[in-house]
Amino acid sequence: MTLTFARWLGTLCVALSGSAFGQFRVPDTLSPEQAARFERFETFQIKGVCGVRDLERLSEGGVNTVRGYTIPSPGEMTKTLDRVHELGMKMVVSEWMPHHGENKDRRGGTYRFDYDKRREIMVAKFIDKVEGIGDHPALLMWGLGNEVHLDEPYLRTVNEMSKAVHERFPHHVTSLTMINAKPEAIEAVKKYAPDLDVLGIQSYSVGAVRGAIRNTETHWRKPFYVSEFNGKGPWNFKKTEWGEAFDEPVDRKVSDVHSCYDAIDASELCLGSTIFVWGHFGVNRPTYFSMLLDEHPDGRTASGPEDMLVTPQAEAMIERFSGRPIGGNRAPVLTSLKYEAGTPALTVSAGERFGVTLDATDADGDRVTYAGWVLDSKPNRAKAVSGPFDSRESNAVQIEAPSKAGEYLVMIYALDGNGGASASTLPLRVR
C-alpha cells in the first residue's frame, strides 16, 4: 500500500514558509520571562497530529508538530526527537500521569495512586527525564499528563514539575491537557499550578471546540493549544431505541474538521492544534477518529500508518496545512448509506440476508468499490464477526446476519483502489 499512499501525496509540494499562520500574538500580560517563551509562536503555528509514527509521510504532508503521550526513557525519547528534528518538525513530549485516586489498569482491574505521598518521587523521576533529554532543538513543549482529573494533589505535582523544568531551562514551555476547558477547571489550574505556561484543550465537535476556545480565552487569558480534536464523538450521536449510536456522514466529518480549524486559526491566544489521531483508531469503531484506515476494521492488516488507507478527513488536514489542494489521488467520499428497507437501523433474524445501498463520489473519477463487515458493537476494540462482503459491480452490498442474537454494526468501506477510502456504519440488531 506504500506506493498508493505516495500517489495520494502526488505532486504536493509543501512550502511551510508560505503557509498561512494563525492570529497568535504574545499577550502583554505575561512577565518578560514568560513572554520570551512564546516569541517563536508568532511565526510558528502548531500544525500537528497526535501520534509519532510514520514521521516521513507527515513531514511531506505539511505537518510540523507531533504529539506523544509517554516518555519511554530519555534515550529512546532522544532518538525520536533526533528523527523529528531531521525532518524539520517539532514535538510535544508528554509524561504519562495517573489520576489521583482510582485508576484502571490494562488488565481490566483498578489501582490507586496518591500524589500527596508520591509527589517527591514522581517529580524526581521526571527531572531525571528532563535532564536526560536536555535542550533538544525538536522539543516544542512539555506535556504533564493527558486528561488527568484536575484534583488539587495532581495540580500541585504539575506545578512542581513545571518549576523544575523552568529552573533548568527557563525558555521551555510546560503544559497539561483538559477536557472541554470548563471555567471551574481552568480556575483550579490557575490556583494550584500557577507556574504552568499552556493549557491543552481536548474537544470533539465544532461546537465543543468553539466553546472550549471561548472559555479558555475568557478565563485562562494566556496561550493555549487544541491538543486533541476531531468531529463528534459517539457520546454526541443520536441513538437507536436500543441505545446504539448512529454514525455521522463522511462529508459532514470533513466539514467539521475544516470548521474546527477555522475556529483555531481565528484565536489570538491559540498556538495551533494536534488533531486526533494519525492512524487507525479501533476503539469501539474506526470511523470515529481515524485519519487512516486499515484494510480490515480489526486493524489486523497494516504494519504501520504508511500502509493504511487515506481518508477524506486526512486530506482536509493536509489541505489546511499546505495551503493548497492535494496534487495526487483523492479519497472517495461515502455520501449515502442505508438499508434496502429504507431505515437507518435494522432488526433481523439470525442468519437472515439483507441489503445495504450506498453511493460515493470520487474527485478523480476512479471506479469505487465497496466492502462490508458486521462488527460486534460491545467490545472496546472493533471486532469483525463476519465479512468482508464485497460489491464490485453495483452500489449495493448483501450481508448475512450473524447466527447469534445481539447488537451489531454494519461497517462499509468505499475504496478507490489507489490508497483512498472512507467508511461509515449502520446499527443492526439480531433477534
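The following dialogue goes through the terms used for this predicted model and shows how each one is reached.

Student: What should I keep in mind about the numbering and the model?

Tutor: Residues are numbered from 1 along each chain as its sequence is written, and side-chain values use heavy atoms, with hydrogens and water left out. The model is predicted, and local features need pLDDT of at least 70, side-chain atom pairs count only at pLDDT 80 or more, while totals for chains, interfaces and linings use all residues.

Student: What makes Ser94 buried?

Tutor: Buried means under 20% relative accessible area, exposed means over 50%, and partly exposed lies in between, with a 1.4 Å probe and protein chains only. Ser94 has 5% relative accessibility and therefore counts as buried. Ser94 lies in strand β3, where a strand is a DSSP run of E with at least two residues, a helix is a run of H or I with at least four, and both are numbered from the N terminus.

Student: Which residues does Ser94 touch, not counting those up to four places away in sequence?

Tutor: Ser94 touches Arg67, Gly68, Tyr69, Thr70, Ile71 and Gly143, where contact means heavy atoms within 4.5 Å.

Student: Why is Asp366 called buried, and why is Arg330 called partly exposed?

Tutor: Asp366 has a relative accessible area of 18%, so Asp366 is buried. Arg330 has a relative accessible area of 24%, so Arg330 is partly exposed. Asp366 is in the loop between β15 (353–361) and β16 (369–376), and Arg330 is in the loop between α10 and β13 (333–339). Leaving aside neighbours within four places in sequence, Asp366 is in contact with Asn329, Asp416 and Asn418, whereas the contacts of Arg330 counted in that way are Glu315, Glu319, Asp362, Ala363, Asp364 and Asp416.

Student: How do you know that strands β6 and β7 pair?

Tutor: Two strands pair if DSSP finds at least two bridges between them, and β6 (residues 139–144) and β7 are joined in the parallel sense over two bridges. Trp142 stands opposite Thr174 in β7. From β6 the chain passes through helix α6 (residues 152–168) to β7 in a right-handed β-α-β crossover; right-handed here means that, with the strands pointing away from the viewer, the path from the first strand over the helix to the second runs clockwise.

Student: How many bridges join β7 to β8?

Tutor: Five bridges join β7 to β8 (residues 198–204), and these strands run parallel. Thr177 stands opposite Gly200 in β8, and the bridge partner of Leu176 is Leu199 in β8. Strand β7 (residues 174–179) is mostly covered, with five of its six residues buried.

Student: Which strands make up the closed barrel?

Tutor: The closed barrel has eight strands in the order β1-β2-β3-β6-β7-β8-β9-β10, with parallel pairing. The twist from one strand to the next averages 30°, with axes taken as lines fitted to C-alpha atoms, for helices over the stretch in contact, and angles running from 0 to 180 degrees between N-to-C directions.

Student: Why are α9 and α10 called roughly parallel?

Tutor: Angles under 35 degrees count as roughly parallel, over 145 as roughly antiparallel, 65 to 115 as roughly perpendicular, and the rest as oblique. Helices α9 (residues 250–266) and α10 (residues 312–322) pack at an angle of about 30°, with their axes 9 Å apart, which means that α9 is roughly parallel to α10. Their crossing is right-handed; a crossing has that name if the near helix is turned clockwise from the far one by less than a right angle, and is left-handed if anticlockwise.

Student: What makes α5 and α6 roughly parallel?

Tutor: Helix α5 (residues 115–133) and α6 pack at an angle of about 30°, with their axes 10 Å apart, and they are therefore roughly parallel to each other. α5 passes α6 in a right-handed crossing.

Student: Why do β14 and β17 stand at the edges of their sheet?

Tutor: Five strands form an open sheet in the order β14-β20-β19-β16-β17, with mixed pairing. β14 (346–348) and β17 (383–391) each have a single partner strand, so one side of each is left without a neighbour in the sheet.
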